[in-house]
Amino acid sequence: MPVPPSSMSCRTSAVSPRHAATLSWLRGRTLLHGVTGVDGTIRQERHPVLRRHPTTGEAALFVSTPERCTGLSGVDERTSARIVRVLYDRSTRLRGLYQ
């Protein structure tokens, strides 16, 4: 499994205990994500919201831009859009970036 670029991942260990329930809720969930191919076509793919680093074993939040993440498994479209926005905003804060 490829490791996401640091600009799209956030160390879950940097998350406060207050957010532990959210992380637990995200485990096993997937995002529907628009992927642009080399020919310019866009196809929809699913990927896990949380991924484990193959070397360190740390879990990382794997979220692309809200415009590309079009659905979160288990929730309606409006709720999904709000959650993806929050996750994306959280994952791109300098304090939480895994570098």
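The following legends describe several close-up views of one predicted model.

Residues are numbered from 1 along each chain as its sequence is written, and side-chain values rest on heavy atoms, with hydrogens and water left out. Because the model is predicted, local features need pLDDT of at least 70 and side-chain atom pairs count only at pLDDT 80 or more, whereas totals for chains, interfaces and linings use all residues.

**Figure 1. Overall arrangement of the chain.** The chain contains two helices and six strands; helices (H or I, at least four residues) and strands (E, at least two) are DSSP runs, numbered from the N terminus. Along the sequence, these elements follow the pattern β-α-β-β-β-β-β-α. Of the 99 residues in the chain, 33% are buried; buried means under 20% relative accessible area, exposed over 50%, and partly exposed in between (1.4 Å probe, protein chains only). The accessible surface comes to about 6,300 Å², and carbon and sulfur atoms account for 55% of it; such areas come from the Shrake-Rupley method with a 1.4 Å probe, and for residues only the protein chains shown count as cover. Among contacts with a separation of 6 or more, 58% join residues 24 or more positions apart, a contact being heavy atoms within 4.5 Å.

**Figure 2. The largest nonpolar core.** Eleven residues make up this core: Leu23, Leu26, Leu31, Val49, Leu50, Leu61, Val63, Cys69, Leu72, Val84 and Leu87. Helix H1 (20–26), strand S6 and helix H2 (77–91) each supply at least two of the core residues. A nonpolar core is a set of buried Ala, Val, Leu, Ile, Met, Phe, Trp, Tyr and Cys residues joined through side-chain atoms within 4.5 Å. Leucine 26 touches Val49, Leu50, Leu61 and Leu87, when residues up to four places away in sequence are not counted.

**Figure 3. Glycine 71 in strand S6.** Glycine 71 belongs to strand S6, which spans residues 69–72. With a relative accessible area of 11%, glycine 71 is buried. Leaving aside residues up to four places away in sequence, glycine 71 touches Thr30, Leu31, Leu32, Arg46 and Ser80. Arginine 46 is 25 residues from glycine 71 along the chain, and their C-alpha atoms are separated by 9.0 Å.

**Figure 4. A network of salt bridges.** Glu67, Arg85 and Asp89 are linked in this network; a salt bridge is a side-chain nitrogen of Lys or Arg within 4 Å of a carboxyl oxygen of Asp or Glu. Between glutamate 67 and arginine 85, the closest N and O atoms are 3.7 Å apart. This pair links distant parts of the chain, with glutamate 67 in the loop between strand S5 (59–62) and S6 and arginine 85 in helix H2, 18 residues apart. Arginine 85 also forms a salt bridge with aspartate 89, with closest N and O atoms 3.3 Å apart. Aspartate 89 and arginine 85 are separated by about one helical turn because they lie four residues apart in helix H2. Glutamate 67 is exposed, at 61% relative accessible area, while arginine 85 is partly exposed at 34% and aspartate 89 is partly exposed at 37%.

**Figure 5. Glutamate 45 and arginine 43.** The structure holds three salt bridges, and one of them joins glutamate 45 to arginine 43, with the closest N and O atoms 2.8 Å apart. Glutamate 45 is partly exposed, with a relative accessible area of 33%, and arginine 43 is partly exposed at 45%.
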